[in-house]
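Here's a quick tour of some backbone features worth a look before you set anything up. Have the viewer open and follow along.

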Amino acid sequence: MENRLTKREFIKGLAMGLSSVGLLMNSETNIFGDTKKEKTMQNDDLYYIQTVRGRIKPSQLGMTLIHEHILVDFIGADKVSKDRYNPDEVFEVMLPYLKEIKDLGVTGFAECTPMFIGRDAELMARFAQALDMHILTNTGMYKEPYLPKYAFEKTEDELAQMWINEINQGIEGTQIKAGFIKIAVNPGSLIPIQQKIVRSAARTSKATGATIACHTGHGVAVLETLDILKSEGLPLEKFIFVHAGSESDFNYHVKVAEQGAWVEYDGISPGEANRYIQLIKAMLDKGYGDRLLLSQDAGWYNVGDPRGGNIRSFAYIVRDFIPLMEKSGIDKKTIDKLFIENPAKALRIPIVVGQSVNSLGKIKSTWGKIK
Ligand SMILES: [Zn+2]
C-alpha cells in the first residue's frame, strides 16, 4: 500500500483517477459489513460530492466520518509552512490509521484542517489515491492566531472570490478542489473579523453550493452566525454547527436544528460515550434525526511533535460506539442514516451551480451570484 510517487507521476495518476472514479464504487459496504448494490439516494443525479480526487455521486460516499484531522499545525499563520514537516513521514505515520477505518467499512472522510493550520490538499489526495477513499478537503479561514494579515485587509467579496476559486478551480495551483468551506467563530457575540468571515463564507456557499462547517461550540455565537447567513440569503441546510456537543445548553442544539441547519456531535470518544448517547437520543426523540451528524475530531499528525506525537485512532465510532448506540435502542436504519445518508446530504453540492434543489427535485431560485 506504500505509495511513493513523484509529484508528476502522482498528478498523472490523479488525472486518471478522476476519469475512473465512477467505476471504483459500484458497490458499497454499509456499517454492518453487508455489501449491497449502490444505494439509490433521492435526487442522486442532481448533486455531487467534491472529493480530492474529483466528483462522486452522493450515494457513493458511503459510511462517513465528517469531522476528523490527518495533519494539524498550530504554529500560527505567520509561521505555518509546508517546510515544517516531511510529507513522506506524515504519509507513512497516518496511512495505517486510515487503512484501519477503511478495513472497517469507512469510505467517506472529511478532513477539517483549515487553511493556515496545516491544510495540505496534495497530501490528502495522496491518501485518497493510495486507499481508494473519498477524502474531502476545504477552503475558508479560521480565527486568530490562524488568520493571515490579508484576512483583515480584504473585503468580504475578495475573500469569497479566493475561496470560490479553490472550490471551482483548485487549491494552490493544483487541480484538487475544496469540497466544503471550513470557518470558525469566536465564543459569545461575534467580533468584526469573524462576522466578515461568516459573510464571505455565505457568499462562497451561495456562489458554489458548497456547505459551511463552522467551528462554534457556543450557543450565542451559533445563533448570531445563523442570523448573518439568513441576512445573506443562504439556505441554512448549507450550515454545520461544528462542536455542538461543547454547548452544554441543549436548547441551542434544538434551536439550530429547527432552523434547518446541521447539528454536529463531533467529540465522540470513550470518555464521553454516555453523554453523547444521551444527546443523540434526545435529538432523535425531538424528531431531528435528519439534522444530526456524528464524528470524533480524532487524529492527527501534530506538526512539531516527533513523528506527529500522540495520535488518536479514527476507529472508535465504528468499532465501539455504534454497538453502544444499538445497545441503547437506536435501530440500524437510524444508524445508517446518521453515518451514510446525513453526511452525503450535508456535503452534497447542487449540479446546477447557483441554484438549489428542494427535496422534491424542484429547482429553487434562492441561490444567487456573489454580490
Ligand atoms: Zn476539528
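Predicted model: local features only at pLDDT ≥ 70, side-chain atom pairs only at ≥ 80, totals over all residues.

**Positive phi outside glycine**
- E172 sits in the loop that links α5 (156–168) to β10 (180–184), and its phi is positive, about 50°, even though it isn't a glycine.
- E172 counts as exposed because it has 12 C-beta neighbours inside 10 Å, and the cut-off for exposed is 12 or fewer.
- D132, in the loop between α3 (121–131) and β8 (134–136), also isn't a glycine and has a positive phi near 50°.
- With 13 other C-beta atoms within 10 Å, D132 comes out as partly exposed.

**Cis peptide bonds**
- The E144 to P145 bond is cis, omega near 5°, and P145 belongs to the loop between β9 (138–139) and α4 (150–153).
- G299 to W300 is cis as well, with omega near -15°; you'll find W300 in the loop between β14 (292–294) and β15 (301–302).

- Three strands make an open, antiparallel sheet in the order β4-β3-β16, with β4 (54–56) and β16 (349–350) at the edges.
- Two bridges tie β3 (residues 47–51) to β16, and Y48 faces I349 of β16.

**Helix α11**
- α11 still has a kink of about 40° centred on L338.
- Buried residues in α11 include I335, L338, F339 and L347.

Definitions and conventions. Residues numbered from 1 in each chain as written. Pairing = 2+ DSSP bridges. Helix = DSSP H or I, 4+ residues; strand = E, 2+ residues; numbered from the N terminus. Bend = angle between axes of the 7 residues up to and from the residue. Buried ≥ 20, exposed ≤ 12 C-beta atoms within 10 Å, placed from the backbone.
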